[in-house]
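Here is a short briefing to read alongside the model. Have the sequence and the viewer open, and let's walk through it together.

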Amino acid sequence: STIIQTNEISRMYQMGTETIHALRSISIEIQKGEYVAFMGPSGSGKSTLMNIIGCLDTPTSGTYILNGKDVSNMVDNELATVRNREIGFVFQTFNLLPRSSSLENVALPLIYAGYSKSDREEKAMEALRSVGLDTRAKHKPNELSGGQRQRVAIARALVNDPSIILADEPTGNLDSKTSYEIMELFENLYAKGNTIIMVTHEDDIAHYAHRIVRLRDGLIESDVINDNVTIPH
Ligand code: ADP
Ligand code: ADP
């Protein structure tokens, strides 16, 4: 079933008297369980599109239907509610709280969702186990390797059981061996039926996705199925 549908969305920025067309009439449909990589040169609109898909921003025109709901005209607090329910974010820089343990970092989104402390810890532990880091629950970020930090961040993204995992350059700060380990983890998440959307400028990383969408100048330049990846469901 369709999880993301954008209908001719545009995003303009006003810079003094100049209008910047960051996205120009983008229409794209993504099904539940897809693993999509967005590529494109700097300034092509990747961040802008990810911000809209992730409910951090809304289009200037056009509609965005997320999980059957039109979110294009929502105000900030409505958008925040949808975002917290539907989206798990993974960032290039991990964005972990430095003074908090892995378990506390992973449990953080559950505070907003209103779970009790014991439920939060149980769910956070389960998420850490799913990325193979339950033995590092009490460690703080500076006691972990880069790859382990990104696993903690992925566990945090998963803990709320989001509809979509949005990963912005998830391997951008990792060496190649660690990057491939993170891509193996994403393959497993994909095989389990998760919907994953990532931005990357690295071809080797994009090729782990089963669909590769290239942006240029705010337009979709190409949108192809990657035949090297077998779709597990
Ligand atoms: P990418 O992520 O592919 O590098 P962006 O989405 O960041 O592309 O940017 C697309 C275009 O929109 C660029 O020309 C960029 O300078 C412009 N842009 C992005 N965000 C803003 C903003 N907040 N204000 C003004 N211009 C912006
Ligand atoms: P990325 O490295 O992911 O492409 P950018 O460096 O393009 O990210 O943008 C980082 C942030 O700054 C984004 O949130 C984007 O919307 C904003 N941004 C990008 N270009 C501009 C700009 N010209 N003016 C203001 N903000 C911008």
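A polar contact here is a pair of N or O atoms within 3.5 Å; within protein, one must be able to donate a hydrogen and the other to accept it. With that in hand, please keep in mind that this is a predicted model.

**Thr-6**
- Thr-6 sits in strand 1, which spans residues 2-15.
- A polar atom of the Thr-6 side chain lies 2.9 Å from the backbone oxygen of Ile-26.
- Because its relative accessible area is 2%, Thr-6 counts as buried, the cut-off being under 20%.
- Beyond its neighbours within four places in sequence, Thr-6 touches Ile-26, Ser-27, Ile-28, Thr-63 and Tyr-64.

**Ligand 1**
- Oxygen atoms of ligand 1 lie 2.7 Å from a polar backbone atom of Gly-43, 3.1 Å from one of Gly-45 and 2.9 Å from a polar side-chain atom of Lys-46.
- On its own, ligand 1 exposes 560 Å², and the protein buries 64% of that.
- Strand 1, strand 2 (18-31) and helix 1 (46-53) each give two or more residues to the shell around ligand 1.
- Helix 1 contributes the most to this shell, with three residues.
- By class, the shell around ligand 1 holds five nonpolar, six polar and one charged residues.

**Ligand 2**
- Ser-47, Asn-51 and Asp-168 are the residues around ligand 2.
- An oxygen atom of ligand 2 is 3.0 Å from a polar side-chain atom of Ser-47.
- Taken alone, ligand 2 exposes 550 Å², of which the protein buries 28%.
- Ser-47 is also listed among the residues around ligand 1.

Definitions and conventions: Residues are numbered from 1 along each chain as its sequence is written. Chains are lettered from A and ligands numbered from 1 in the order in which they are written. This is a predicted model: local features need pLDDT of at least 70, side-chain atom pairs count only at pLDDT 80 or more; totals for chains, interfaces and linings use all residues. Side-chain values use heavy atoms; hydrogens and water are left out. Helices (H or I, at least four residues) and strands (E, at least two) are DSSP runs, numbered from the N terminus. Buried means under 20% relative accessible area, exposed over 50%, partly exposed in between (1.4 Å probe, protein chains only). Contact means heavy atoms within 4.5 Å. A residue is near a molecule or strand if one of its heavy atoms lies within 4 Å of it. Accessible areas come from the Shrake-Rupley method with a 1.4 Å probe; for residues, only the protein chains shown count as cover. Ala, Val, Leu, Ile, Met, Phe, Trp, Tyr, Cys and Pro count as nonpolar, Asp, Glu, Lys and Arg as charged, and the others, Gly among them, as polar.
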